[in-house]
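Here are my comments on the model you sent. They are set out as numbered points, to be read beside the sequence and the coordinates.

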Amino acid sequence: MPTEPDPITLSQVVHRAVEVCDPAGTDADLADLFIRFEDADEPVTAVEDIEQRMAEAAGALDPEGDIPSLQMAAAVATYLAFRRDQLDDDPDEILRLAARAEFNGNPPPAVANWLDEQGVSG
């Protein structure tokens, strides 16, 4: 008898966002973001306001909003919370689509520069 797959958790979404934004696993700020959510085992669909929750987490770690990798990880997590079917898609495509969704195609200059450094174009 087939069973439904387990629901995707908030922890899994944040983990994938961190992985997409820091494939080498060397960004301490993104590691801190993941640690905040590593035990968040609730289904991401049960999180009432994912945008607010990610904004609060990013704001707690980056009050000035000047760490572009952290801003993009929050954007990617938010995007993937709604587009769970894209969890395993190409990281560059996820970054491009998340930036478009989060910043209406016009990311702040620091984020745009970071995306360029990652080889991601709008």
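**Notes on the predicted model**

1. Arg-53 and Glu-42 form a salt bridge, with their closest N and O atoms 2.7 Å apart. Arg-53 belongs to helix H3 and Glu-42 to the loop between H2 and H3, so the pair ties together parts that are 11 residues apart in sequence. Arg-53 is partly exposed, at a relative accessible area of 33%, and Glu-42 is partly exposed too, at 27%. The model is a predicted one.

2. How many salt bridges does the structure hold? There are four. One of them joins the side chains of Glu-19 and Arg-16, at 2.7 Å from N to O. Both residues lie in helix H1, three residues apart, which is about one turn of the helix. In general, an α-helix has 3.6 residues a turn, so residues three or four places apart point the same way. Glu-19 counts as partly exposed because its relative accessibility is 37%, while Arg-16 has a relative accessible area of 12% and is therefore buried.

3. Asp-85 and Arg-83 form another salt bridge, and here the closest N and O atoms are 3.4 Å apart. Asp-85 is exposed, with a relative accessible area of 56%. Arg-83, at 34% relative accessibility, counts as partly exposed.

4. Helix H1 covers residues 10-21, 12 residues in total. From first C-alpha to last it reaches 17 Å, close to the 16 Å expected at 1.5 Å a residue. Why can H1 be called largely enclosed by the rest of the structure? Because nine of its 12 residues are buried. Among them are Leu-10, Ser-11, Val-13, Val-14 and Cys-21. The cover over the buried residues of H1 includes helix H2 (28-37), helix H3 (50-61), helix H4 (68-82), helix H5 (91-103) and helix H6 (109-117).

5. Asp-22 sits in the loop between H1 and H2. This residue deserves a separate look. Asp-22 is buried yet has no salt bridge. The nearest side chain of opposite charge belongs to Arg-16, 12 Å away. A salt bridge requires a nitrogen-to-oxygen distance within 4 Å. With neighbours within four places in sequence left aside, Asp-22 is in contact with Asp-27 and Leu-30.

6. The largest nonpolar core has 39 residues. Leu-33, Met-72, Val-76 and Leu-95 are the residues with the most contacts inside this core. H1, H2, H3, H4, H5 and H6 each supply at least two of its residues. The largest share, 10 residues, comes from H4.

7. Which residues does Leu-95 touch, not counting those up to four places away in sequence? Leu-95 touches Val-20 and Cys-21, then Met-72 and Val-76, and also Trp-114, Leu-115 and Val-120. Val-20 and Cys-21 are also listed among the buried residues of H1.

8. Gln-52 is found in helix H3. Its relative accessibility is 39%, so Gln-52 counts as partly exposed. Gln-52 and Glu-19 are 33 residues apart along the chain, and 21 Å separates their C-alpha atoms.

Notes
Residues numbered from 1 in each chain as written. Predicted model: local features only at pLDDT ≥ 70, side-chain atom pairs only at ≥ 80, totals over all residues. Heavy atoms only, no water. Helix = DSSP H or I, 4+ residues; strand = E, 2+ residues; numbered from the N terminus. Expected span 1.5 Å × (residues − 1). Buried < 20%, exposed > 50% of the residue type's maximum accessible area, 1.4 Å probe, protein only. Contact = heavy atoms within 4.5 Å. Lys, Arg positive; Asp, Glu negative; His and termini not counted. Core = buried A, V, L, I, M, F, W, Y, C linked by side-chain atoms within 4.5 Å.
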